[in-house]
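Biologist: Can you walk me through this model? Keep it brief, please.

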6 protein chains.
Amino acid sequence: MSQDTSRYDQFQAYRSRMNCRILGDEKERAANGGARADGSVAPGGSLVTKRFFSLDHQTYSDGALPVKTKELLGLVASAVLRCDDCIAYHVDQCVKLGFSDEEIWEAMDVALIVGGSIVIPHLRRGVEFLDQARAKRARAS
Amino acid sequence: MSQDTSRYDQFQAYRSRMNCRILGDEKERAANGGARADGSVAPGGSLVTKRFFSLDHQTYSDGALPVKTKELLGLVASAVLRCDDCIAYHVDQCVKLGFSDEEIWEAMDVALIVGGSIVIPHLRRGVEFLDQARAKRARAS
Amino acid sequence: MSQDTSRYDQFQAYRSRMNCRILGDEKERAANGGARADGSVAPGGSLVTKRFFSLDHQTYSDGALPVKTKELLGLVASAVLRCDDCIAYHVDQCVKLGFSDEEIWEAMDVALIVGGSIVIPHLRRGVEFLDQARAKRARAS
Amino acid sequence: MSQDTSRYDQFQAYRSRMNCRILGDEKERAANGGARADGSVAPGGSLVTKRFFSLDHQTYSDGALPVKTKELLGLVASAVLRCDDCIAYHVDQCVKLGFSDEEIWEAMDVALIVGGSIVIPHLRRGVEFLDQARAKRARAS
Amino acid sequence: MSQDTSRYDQFQAYRSRMNCRILGDEKERAANGGARADGSVAPGGSLVTKRFFSLDHQTYSDGALPVKTKELLGLVASAVLRCDDCIAYHVDQCVKLGFSDEEIWEAMDVALIVGGSIVIPHLRRGVEFLDQARAKRARAS
Amino acid sequence: MSQDTSRYDQFQAYRSRMNCRILGDEKERAANGGARADGSVAPGGSLVTKRFFSLDHQTYSDGALPVKTKELLGLVASAVLRCDDCIAYHVDQCVKLGFSDEEIWEAMDVALIVGGSIVIPHLRRGVEFLDQARAKRARAS
């Protein structure tokens, strides 16, 4: 049985490439779009940019709330703010952390009732991404 | 005279496919991305999800305000919230309900003045979709 | 029978005072907060500011769509963007233009389903403002 | 030791009054601002309005995810969408459900990192409301 | 000549009080709402919360762009996101950094055209705050 | 050395085509999607639409603030409102006006801290667009 994982693969490749462009060393930046016609290499993110990315990562670590709960909070925050890439990232994390489809549906329901029908197109793309993330993991295992 | 209706066709196909994935029975879900590698079929939306979709549909039915007015309200709400798919859906409804281009332009003007220049890229895509929706109907008739 | 119109009165007074501060001549600006300790008068809005206010006004004038429809579009746009003052302004216009409560409820329903439960606190304040606007007009007549 | 609970009390009173105005019977609506100068009583929410409120309530009930998790999701969704009343409502629910301050802080941290510094003023008011909700419960017990 | 600075004073007092509640030591938290009925003191922000506040501060420091430019960027970002407290904070910074009213008007014009008429109520309150900030400084000098 | 400028080229072509469709004369509209199956040509934007586009243009002209500062304000406003096309447009303007990468990074940092991690996917696409805009100019010179 073959299932489409193209959107999953494209998302991961683009995210990884641009994170190298933003956070990487000169060699990584040059290899990911930062190479200049004059041979120089464009600067990556500033110290503030890098600290923001690092604080973002730290926010989802274990604490008074478990990592699983925080990822679900990140998913719902991303859904009501209607960011497809952020939804995709947190859906992938939720799959990796072992959330069931039923749990993810109920989290998306909170986003749907709080954020309204404007969330529906993002729900469609989020469910498509969820199916591809499941297929990817099944193939990998 | 041939006009491009590719974006119109893609929008309708994707929307229809994902609505089947979200609201459909097991067979429809399996056929639209919900088939799992282990042979099981992923669940669709919860009862809350389905009730939300149904309430959304009901909101645009005839009442103290005519359906036409409600669709125009839906279009402007979608435009100021800057959701291309929602704009596309309501533009298509407005075309089906017989709104003239001049009426649609004036509704978009309200969205433009209330929502600002950030609405302009969505206006561009909305007008492109409007042209394709008109072409589609001309071809169908 | 006495009904509270305090929020209605405060809204109109503040809006009128600040519009004079933004759009008015030197005397009006001085009388509305623009008087400086050094005796000078603060500038009002720029030419762009004034043109924006004028274009905003022009957007709601009669055209392919009647003024009534445009005010209702403005109300729903304001509701989904969750701006209490904008909701208050358009509710007042809708009352003046003769919309029934049932029509206003159905317009707010579109905002509620598109914008979600996050709109509810603004719906509460919008309904309170609607009641005060009705009371104000009853008293005036 | 006396602690200020004025904002907590005002929030609950206003919310309760306007919910009666929106969802109540004729007597409740008349008592909460819907009484007209002509002796009639203004209509409350439509069937759609009432169904939306009921679906909103149903969304936070026990399911694949426990009620506690859903309330925390509602809190973070409200925080990133920057609605003080929604934050207040969910903070109160979180207090009633037994969340510790540390857990609420970490949920707000997710909202802060996802939503940015624009969330900070809402965080200030949310923490003030949390303190008042705790004081209210301590007094009640 | 006496000018009203009440909103300015209230904003600064509340902001300072809640920042002590969020970032302060036990004594400061207890004095600003964190004192519990049982004699304990509520925790302040987590390490993530504090790092976010510190990174926020660091973002506006001198670099490739001067502090003045960054404060103006913060003002426009706050205005299009329609946060009165954030607008007030950055207006105050802009006044302290020596921006003229004409420069602030033109920055607000960018926010107005990008963000639309929904920004207008925030512009009104921002101009009122600007007048109070000017009056405050005139009195202080 | 060849660098990808496909996204840059597509953005400029689409923007130019749709602006002709919206603002152009009958011939331009017909050539850009407005040609009808019945041989007629669809109307372009209304007088309000055209005045809005013209006021938008005027907002970024030299005044108390230099054009460069205004474009940077437009970039940050676009970034916190998370509009990829608006970010692309202002990034291109900033490149044309001679901003260094370091200056653009610091402006994006303000957007990142004010708008939160939800801005990150738009930062990725904005940096990719910046690299393509630089490559385009290097090739042109």
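**B:His122 and beyond**

Modeller: B:His122 counts as buried, because its relative accessibility is 7%. Buried means under 20% relative accessible area, exposed over 50%, partly exposed in between (1.4 Å probe, protein chains only). This is a predicted model: local features need pLDDT of at least 70, side-chain atom pairs count only at pLDDT 80 or more, and totals for chains, interfaces and linings use all residues. Residues are numbered from 1 along each chain as its sequence is written, chains are lettered from A and ligands numbered from 1 in the order in which they are written, and side-chain values use heavy atoms, leaving out hydrogens and water.

Biologist: Which helix does B:His122 lie in?

Modeller: Helix α7 of chain B, residues 120-140. Helices (H or I, at least four residues) and strands (E, at least two) are DSSP runs, numbered from the N terminus.

Biologist: And what is B:His122 in contact with, leaving aside its neighbours within four places in sequence?

Modeller: B:Arg82, B:Asp84 and B:Ile87. Contact means heavy atoms within 4.5 Å.

Biologist: Switching to α2 of chain B. Which residues are buried there?

Modeller: B:Arg29, B:Asn32 and B:Gly34 are buried in that helix, which covers residues 26-34. They sit on the same side of α2(B), because their arc around the axis is only 105°. That arc is taken from the directions from the helix axis to the C-beta atoms. B:Lys27 and B:Ala31, on the other side of α2(B), are exposed.

Biologist: What covers the buried residues of α2(B)?

Modeller: The cover includes α7 (120-140) of chain A and α1 (6-23) of chain B.

Biologist: Which residue caps the N-terminal end of α2(B)?

Modeller: B:Asp25 does. One of its side-chain oxygens is 3.1 Å from the backbone nitrogen of B:Lys27.

Biologist: Now the chains. How many residues of chain A are in contact with chain B?

Modeller: 22 residues of chain A, and they meet 29 residues of chain B. The area buried between these chains is about 2200 Å², with 61% from carbon and sulfur atoms. On the chain A side, A:Trp105, A:Ile118 and A:Arg124 lose the most area to chain B, together 28% of what that side buries. Buried area is the accessible area (1.4 Å probe) that two parts lose on being put together, summed over both.

Biologist: What rotation superposes chain A on chain B?

Modeller: One of 120°, with 0.0 Å of shift along its axis and an RMSD of 0.0 Å. The two copies are therefore related as by a three-fold rotation axis. They use different surfaces: 5% of the contact residues of chain A recur in chain B. Copies are superposed by least squares on the C-alpha atoms of residues with pLDDT of at least 70 in both.

Biologist: How about chain C with chain F: what area do they bury between them?

Modeller: About 680 Å², and 71% of that is on carbon and sulfur atoms. Seven residues of chain C are in contact with seven residues of chain F. C:Val48, C:Leu55 and C:Gln58 lose the most area on the chain C side, together 65% of what that side buries.

Biologist: Last one. Where is A:Arg82?

Modeller: In the loop between α4 (67-80) and α5 (84-96) of chain A. A:Arg82 is not a glycine, yet its phi is positive, about 60°. A:Arg82 counts as buried because its relative accessibility is 17%.

Definitions and conventions:
Polar contact = N/O pair within 3.5 Å; in protein donor to acceptor, adjacent residues only side chain to side chain.
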